[in-house]
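Thanks for coming. I have one model to go through today, and I will keep it short.

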Amino acid sequence: MARRDDFEIGKDGLAVIVVGVDGGDRALHAAAWASGLARRERARLILVYVEALASLAYWSPIGMATAAEAASAIADELRQAAAAYLDATGVQWELVHYRGDPARGIEAVAEDRRADCIVVGRGGGVARALINEARRPVVVVP
């Protein structure tokens, strides 16, 4: 059995693919592309929804509770939509709900799951930050 420090990204093809999702069209395109890649490669697909804590709603206890409930509802909707689409494809998948900075959250989940690559939608600072900071290949889908 290989030790964790023996892990090499992409060593034997793709085994784990991480994709950032937020419910937007760009993320939907990225998730669709990543799911096709995961199906072809027989890889596990990890969908990551990051609840960004930078909004003003998190500045008060009531706002924080409301924002956290809304984020949980979004994660549940994303999970249901993913199940409706992915369960029929045979792709093994899971959705991870992370709290914090989106780019750092996606990279942290990718590191934890030892992902071979990260897939994100085009536009915004998340794709740019991941391209500059990620420790694994980043695919940006238009």
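**Arginine 113 and its surroundings**

I start with arginine 113, which is partly exposed, with a relative accessible area of 27%. Please keep in mind that this is a predicted model. The side chain of arginine 113 forms a salt bridge with the side chain of aspartate 112, at 2.8 Å from N to O. Aspartate 112 also counts as partly exposed, at 47% relative accessibility. The cut-offs place both in that class, because buried means under 20% and exposed means over 50%.

Which residues belong to the network of salt bridges that includes this pair? The network links Arg44, Glu94, Asp112 and Arg113. Within it, glutamate 94 and arginine 44 meet through their side chains in a salt bridge of 3.3 Å, N to O. That pair connects distant parts of the chain, with glutamate 94 in strand S3 and arginine 44 in strand S2, 50 residues apart. Glutamate 94 has a relative accessible area of 21% and is partly exposed. Arginine 44 is partly exposed too, with 28%.

A further salt bridge joins the side chains of arginine 135 and glutamate 111, at 3.6 Å from N to O. Here again distant parts of the chain are linked: arginine 135 sits in the loop between H4 and strand S5, glutamate 111 in helix H3, and they are 24 residues apart. Is arginine 135 buried or exposed? Arginine 135 is exposed, at 62% relative accessible area, while glutamate 111 is partly exposed, at 32%. Over the whole structure, the search finds 8 salt bridges.

Next, helix H3 itself, residues 102-112. Alanine 103 is itself buried, and so are Gly105, Ile106, Glu107, Val109 and Ala110. Note that a glutamate, Glu107, is on that buried list. What do the buried residues of H3 pack against? Their partners are strands S1, S2, S3 and S4, together with helix H4. Just after the helix, arginine 114 takes a positive phi of about 55°.

Now helix H1, residues 25-41. H1 has 17 residues and spans 24 Å from first C-alpha to last, close to the 24 Å expected at 1.5 Å a residue. Its buried residues are Ala27, Ala30, Ala31, Ala34, Ser35, Gly36, Leu37 and Ala38. After H1 comes arginine 42, with a positive phi near 55°.

To finish, the overall picture. How many helices and strands does the protein have? There are 4 helices and 5 strands, and along the sequence they follow the pattern β-α-β-α-β-α-β-α-β. Of the 142 residues, 37% count as buried. Among contacts between residues at least 6 apart in sequence, 64% join residues at least 24 apart. The accessible surface comes to about 8400 Å², and 54% of that belongs to carbon and sulfur atoms.

That is the model. I will take questions now.

How values were computed. Residues numbered from 1 in each chain as written. Predicted model: local features only at pLDDT ≥ 70, side-chain atom pairs only at ≥ 80, totals over all residues. Heavy atoms only, no water. Buried < 20%, exposed > 50% of the residue type's maximum accessible area, 1.4 Å probe, protein only. Helix = DSSP H or I, 4+ residues; strand = E, 2+ residues; numbered from the N terminus. Contact = heavy atoms within 4.5 Å. Expected span 1.5 Å × (residues − 1). Areas by Shrake-Rupley, 256 points an atom, 1.4 Å probe, with all protein chains shown as cover. Salt bridge = Lys/Arg side-chain N within 4 Å of Asp/Glu carboxyl O.
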